[in-house]
Amino acid sequence: MKNLLLFVFAGAFLPLHAQYLNIKIDSGQAYGECSIIMNPKNTNQIVGGSNLNNVYTSTDGGATWMKQELFSVSDGGDPTGAVDTNGIFYFAHLQSGQGANNCYSSSNGGVNWSTVGQFGVTSVK
């Protein structure tokens, strides 16, 4: 019991630090609903997104970030993403109004994006 108390007492005086430093990527961004994806095979590649059509890419583990806007001006938010076992990132936003939502892919860590296709078509036949 004496050793346990000594351990707890000594631990109370050790400096505490957060594991990661929080960084605000975009000071002009007021919207929420953020999403972040890290390539598990290359943790230097991180892709984040926020409403309405913003994509943020880091190729150095989050030390620096590049902001882009996705192609379609009608993208309306709720960003989500994934990365596959080949390191290809997939990113999607809801589309404003009626129609379908767009999905994008990047094979270079989020530096460039291509449209994969549409999903969730709302018109019923």
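Tutor: Strand β3 covers residues 54-58 and is joined to β4 by four bridges, the two running antiparallel. Strands here are DSSP runs of E of at least two residues, and helices are runs of H or I of at least four, numbered from the N terminus. Two strands count as paired if DSSP finds at least two bridges between them. The model is predicted: local features need pLDDT of at least 70, side-chain atom pairs count only at pLDDT 80 or more, and totals for chains, interfaces and linings use all residues. Residues are numbered from 1 along each chain as its sequence is written, and side-chain values use heavy atoms, with hydrogens and water left out.

Asn54 stands opposite Glu69. Val55 stands opposite Gln68.

On the β2 side, β3 is paired by five bridges, again in the antiparallel sense. A hairpin of three residues connects β2 to β3. Across this pairing, Gly48 stands opposite Tyr56.

Both pairings belong to an open sheet of four strands, in the order β1-β2-β3-β4, with antiparallel pairing. Its edge strands are β1 (35-38) and β4 (66-69), each of which pairs on one side only. From one strand to the next, the twist averages 20°. For such angles, axes are lines fitted to C-alpha atoms, for helices over the stretch in contact, and angles run from 0 to 180 degrees between N-to-C directions.

Next, burial. Buried means under 20% relative accessible area, exposed over 50%, and partly exposed in between (1.4 Å probe, protein chains only). Five of the five residues of β3 are buried, so the strand is largely enclosed by the rest of the structure. Both of its faces are covered. Asn54, Tyr56 and Ser58 are buried on one side, Val55 and Thr57 on the other. For the protein, buried residues make up 32% of the 125 residues.

Ser50 sits in strand β2 (residues 46-50). Its side chain makes a polar contact with the side chain of Tyr56, at 3.3 Å. A polar contact is a pair of N or O atoms within 3.5 Å; within protein, one must be able to donate a hydrogen and the other to accept it, and residues adjacent in sequence count only if both atoms are side-chain atoms. Ser50 is itself counted as buried, because its relative accessibility is 3%.

Finally, the overall setting. The protein has one helix and eight strands. Along the sequence they follow the pattern α-β-β-β-β-β-β-β-β.
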